[in-house]
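The structure under discussion is shown below.

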Amino acid sequence: IGWAEATNAKTPVVQVITRRLSLPAANRTDFSLSDVVLADAVRTLESPYPIDQQGAHPYAIGALETTPARDTRFRVDEPLSVVVQVINPAGGAAGKPDVDVAFRVSRDVAGRLQLVGSLPVQRYNASTLPVDFDVASGHPLFAALQMPLATFARGRYTIEVIATDRVGGRQTTRTATFDVTGTPASLLREAPTPGQAFR
């Protein structure tokens, strides 16, 4: 994935960021997840872009458009968005899958992961997917979420994505690591009050 930006200066400055993503071979039938994409923003479109406009929106897939993050560092006053593709879910009645996607966040504390919390499970089935969705037709299935980081302590975190295919009786997991950094305001809140021991 590449990203480029030109400034308004007299001499344009171009920056390119490259990120490798791992996807299974197209002919595989294993139930799996793509790499977890950490993003600055994810939004749902009213309808997919027309074919002649798709080139100007390289991170739009179907009705989902993503702005990938430039790095894996997020401030406590920023939201964290996550996108992952569910690959090869089994189709049930009328080609609809029945997949649950769960997200768990853990913090690295002295080299050991401590669970911070779990997010509500997302369900993708006949009652939540579009009427014309059909895995046999190759319709892609994406899970996405956005969470605020305001209550997160500074440090390194791991987000674990667990997908369960209820039709196929299979489960798969992917993880991604990110860092939460402070802002001047959050650092002041963490500072010890007068008379409190400084550690």
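## The five-stranded sheet

Five strands form an open sheet in the order β7-β13-β12-β9-β10, with mixed pairing. Strands are DSSP runs (E, at least two residues) numbered from the N terminus, and two of them pair if DSSP finds at least two bridges between them. The edges are taken by β7 (73-75) and β10 (112-124); each has a single partner strand, so one side of each lacks a neighbour in the sheet. From one strand to the next the twist averages 30°, with axes fitted as lines to C-alpha atoms and angles running from 0 to 180 degrees between N-to-C directions.

Strands β7 and β13 (residues 170-181) run parallel and are joined by three bridges. Arg75 has Thr181 in β13 as its bridge partner.

## Basis of the model

This is a predicted model, in which local features need pLDDT of at least 70 and side-chain atom pairs count only at pLDDT 80 or more, while totals for chains, interfaces and linings use all residues. Residues are numbered from 1 along each chain as its sequence is written, and side-chain values use heavy atoms, with hydrogens and water left out.

## Salt bridges

There are nine salt bridges, each defined as a side-chain nitrogen of Lys or Arg within 4 Å of a carboxyl oxygen of Asp or Glu. One of them joins Arg156 and Asp179, with the closest N and O atoms 2.9 Å apart. Arg156 lies in strand β12 (residues 155-165) and Asp179 in strand β13, so the pair ties together parts 23 residues apart in sequence. Asp179 is buried at 12% relative accessibility, where buried means under 20% relative accessible area, exposed over 50% and partly exposed in between (1.4 Å probe, protein chains only).

Terms used:
Helix = DSSP H or I, 4+ residues; strand = E, 2+ residues; numbered from the N terminus.
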